[in-house]
Amino acid sequence: MKRGAILAGLAALTVFVLIWKAVVIVSGFPPFILPPPEAVAGRLVQAWTTGTIEPHAAATLLEIGLGFLVGTLLALPVGYGLARSAIIARLVSPYIVAAQATPILALAPVLVLWFGPGLLGKVVICALIVFFPIAVSAMVGLRSVDAGLLELGRSLRATRRQVLLTLEIPAALPSIFGGLRIGITLAVVGAIVSEWAGAERGLGVLVNLARGSLFDTPLMFATLVTIAGIGIVLYLIVVLVERRLVGQR
Amino acid sequence: MTVVAAAGRVELEGIDVRFERAAAQDTVALQGLDLRVGAGEIVSVIGPNGCGKSTMLRVIAGLIAPSQGTATLDERPIEGPNRRIGLVFQEPRLLPWRTVAANVAYPAELAGIPEPARDARVTALLGRVGLLDAAGLVPSQLSGGMRQRAALARALALEPDVLLLDEPFSALDAMTRERFNVELLALWGRLRTTIVVVTHSISEAIFLGDRVAVLSARPGHLVADITVPLERPRTLDMLDEAAATSTAREVRRHLAAAEAGDET
């Protein structure tokens, strides 16, 4: 990653913390409404070192990772089908759009009811929420292959498989990664929402615990910071993989 | 090598190409086109805009099946794309995500030629078109002329007997274009591939071709087949010779008639 990008990130963080601190001072909110940044930072370090956050973070990370993986693995072939065949596109699109149009928040309780409060239900919810942007971006990307390149492939007697591997997929990669970037951030949303709909562990559960029975507002904020951190790091990983695979064009 | 080029004879006979349209009328691109190109010969094809020159190349390349008539390569009917025919399009059509070397290697890769043999061939080809130093660059880092050189190297990758060029230099400036044509002839001097080159430029057609085939306006067919009375190896100066200028006049006369839609 470029130094400029890192510096910009640090600058953004500094500005955010300064404004936060200023709001605390000016408004005079009590710490259980808005704890000052240093209190949250202290609680964050403490919660990690004493093992309060770790098991929850691990559970959430596993849900995000599996859900994102399953959703991606399902979305890519569907995107291919949508791009290749107008019939498939016409038959499948209504379901995909309907699934996407129904808010995941409303759907999550039903899915937990069906798939249980364990890992399976979480993975289903995460996979469902990442499915749409990735399938659509794969479809758009695969359709974007230059007709001239396809004709070149035909003149060289490229097989269906060779066309897919050497022309369609490379041409679709930038678009697919656009979908993956959106997908990975949505996977975080999916995991938290699924935990709210019923779970024993996870950062979404911890937010509720901190707000409710523990009445520990700094811990709630520390959990939020952890969730945001996970989202940012995962997003950056996708960007790094993208740089490696898409490279310079 | 002292191989006499015996392969690469292209014959088109009574070719019709009709594109079906949903609307009222089909488009007839070619009608009754005859063209014979001997092995190792260079034929320039010239004609009014939209007369079906590119369609004709695609018939030879096996990308378009004629609605009527026969197209043969060395007596065998052309039934689809053939690795003995190399094609250079109007645009370079390089894979933007591949380096120049990987682009030139592409046909050999699709043909399943093992990597060591492929690499040796790519190096030789890049040397031939003067792109050895650019082997590791991607297309966006190249000039237009370099891209078209890479496309030419790629078309030669499978050692074709026939090279089809579809206005390959039309996007280049006049100077680059002349140099390119000289280099193309030098390359031909060594490879002796049959070349069919579609062009818009009369001087280019005469400089490159053993013959200049003039097509009519759509639906295209052959209206004149003019032998170019210039010796080989050719130099650009020859274009100023009387033989060249009178050939140019003849080509121009047929072209003007073809454009006017009157066929004499």
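The exercises cover a sheet, an interface and a helix pair.

This is a predicted model, in which local features need pLDDT of at least 70, side-chain atom pairs count only at pLDDT 80 or more, and totals for chains, interfaces and linings use all residues. Residues are numbered from 1 along each chain as its sequence is written, chains are lettered from A and ligands numbered from 1 in the order in which they are written, and side-chain values use heavy atoms, with hydrogens and water left out.

**Exercise 1. The sheet of chain B**

Task: find the strand order of the open sheet in chain B and state which strands stand at its edges.

Solution. 
1. Helices (H or I, at least four residues) and strands (E, at least two) are DSSP runs, numbered from the N terminus; two strands pair if DSSP finds at least two bridges between them.
2. The four strands of chain B follow the order S2-S1-S4-S5, and their pairing is antiparallel.
3. S2 (27-37) and S5 (76-77) of chain B are the edge strands; each has a single partner strand, so one side of each lacks a neighbour in the sheet.
4. Five bridges join S1 (residues 10-19) and S4 (residues 68-73) of chain B. Asp16(B) has Gln68(B) as its bridge partner in S4(B).
5. Helix H1 (residues 53-60) of chain B lies across S1, S2 and S4 of chain B, at about 120° to S1(B). Axes are lines fitted to C-alpha atoms, for helices over the stretch in contact, and angles run from 0 to 180 degrees between N-to-C directions.

**Exercise 2. The interface of chains A and B**

Task: describe the interface of chain A and chain B by contacts, buried area and salt bridges.

Solution. 
1. With contact meaning heavy atoms within 4.5 Å, 16 residues of chain A touch 20 residues of chain B.
2. The two chains bury about 1800 Å² between them, 61% of it on carbon and sulfur atoms. This is accessible area (1.4 Å probe) lost on putting the two parts together, summed over both.
3. Two salt bridges link chain A and chain B, counting a side-chain nitrogen of Lys or Arg within 4 Å of a carboxyl oxygen of Asp or Glu. One of them joins Glu151(A) and Arg58(B) at 2.6 Å, N to O.
4. On the side of chain A that touches chain B, helices H7 (147-155) and H8 (160-196) each supply at least two residues. H7(A) gives the most, with six residues.

**Exercise 3. A helix pair in chain A**

Solution.
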